[in-house]
Amino acid sequence: MNVNIWRRCETLFKHVAHCCSSISKSPDSIRSVGCWRYAFSRPPVSYSVQRYFHLQSVCQANKSQSVTDVSVSQSTDVNKSRDIVEAVNAQINSEDLGRLFAVVHVAGFQRKVTVNDIIVVETSSYPSVGTRIRLEKVLLVGSKDFTLVGRPLLSRSVVNIEATVIEKTLSPMVLSFLMVRRRRVRKLRMQKTQQVVLLINSIEVNSLED
């Protein structure tokens, strides 16, 4: 314990000697502190008093300067976005979109779909077979020339995706076996999950609003 206290005191004397040497480099100022055993050629940067007062003066000078408001013109960005919307609307009205694709969020998963695709969803909350539904959560829709990305979802007025429930079935059997050695634990579990098969009927994109 005494050794640790002596080391801490010795470190403290070193720091005081650094500060004193930065103010005055004469050996008398160092001996007056009681650190006559230490002599340093230059003080470190972290304990430089001149550096500290210099930084203070710079900060005060920066605070005293008047701050002027900078106005950023947004006319160029507005014009650029307006041109993009007009180009997309012209492409949509021309009906030359090619094969549309979309990314939808269904039962906790994201699926990339196109027209006449069949997807399997692991859930039991869908209506009976033959029901036509609309997929509301559309994250992205695109064609051969443009892509519309939602933040996070696209509006109902922009895109419309319809699907039909064609089958409700069970998944293949999944076996899980648990064994604990020297404990006589042997458990076999067989599980099937409910699945719904959807057929994508149509993907429609409407004109964008300015």
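Two strands are treated as paired if DSSP finds at least two bridges between them. In this predicted model, strand 5 (residues 138-142) and strand 6 meet that criterion, with three bridges in the antiparallel sense. Within this pair, G142 lies opposite T147 of strand 6.

Another open sheet of four strands has the order 3-10-7-4. Its pairing is antiparallel. Here the edges are taken by strand 3 (118-121) and strand 4 (132-134). Because each of these has a single partner strand, one side of each is left without a neighbour in the sheet.

Strand 7 (residues 159-170) and strand 10 (residues 194-205) are joined by eleven bridges and pair in the antiparallel sense. T169 has Q195 of strand 10 as its bridge partner. E162 stands opposite S202, also in strand 10. Strand 7 is also joined to strand 4, by three bridges. These two strands run antiparallel. In this pairing, R132 has T164 of strand 7 as its bridge partner.

The largest nonpolar core contains 28 residues. Those touching the most other members are V141, L148, I161, L198 and I200. Two or more core residues come from each of helix 4 (75-93), strand 1 (101-106), strand 3, strand 5, strand 7 and strand 10. Strand 10 gives the most, with five residues.

Neighbours within four places in sequence are left aside here. V141 is then in contact with F101, A102, T147, L148, L154, V159, I203 and V205. One of these contacts, L148, is listed with V141 among the core residues that touch the most other members. T147, another contact of V141, is the residue that stands opposite G142.

How values were computed:
Residues are numbered from 1 along each chain as its sequence is written. This is a predicted model: local features need pLDDT of at least 70, side-chain atom pairs count only at pLDDT 80 or more; totals for chains, interfaces and linings use all residues. Side-chain values use heavy atoms; hydrogens and water are left out. A nonpolar core is a set of buried Ala, Val, Leu, Ile, Met, Phe, Trp, Tyr and Cys residues joined through side-chain atoms within 4.5 Å. Buried means under 20% relative accessible area, exposed over 50%, partly exposed in between (1.4 Å probe, protein chains only). Contact means heavy atoms within 4.5 Å.
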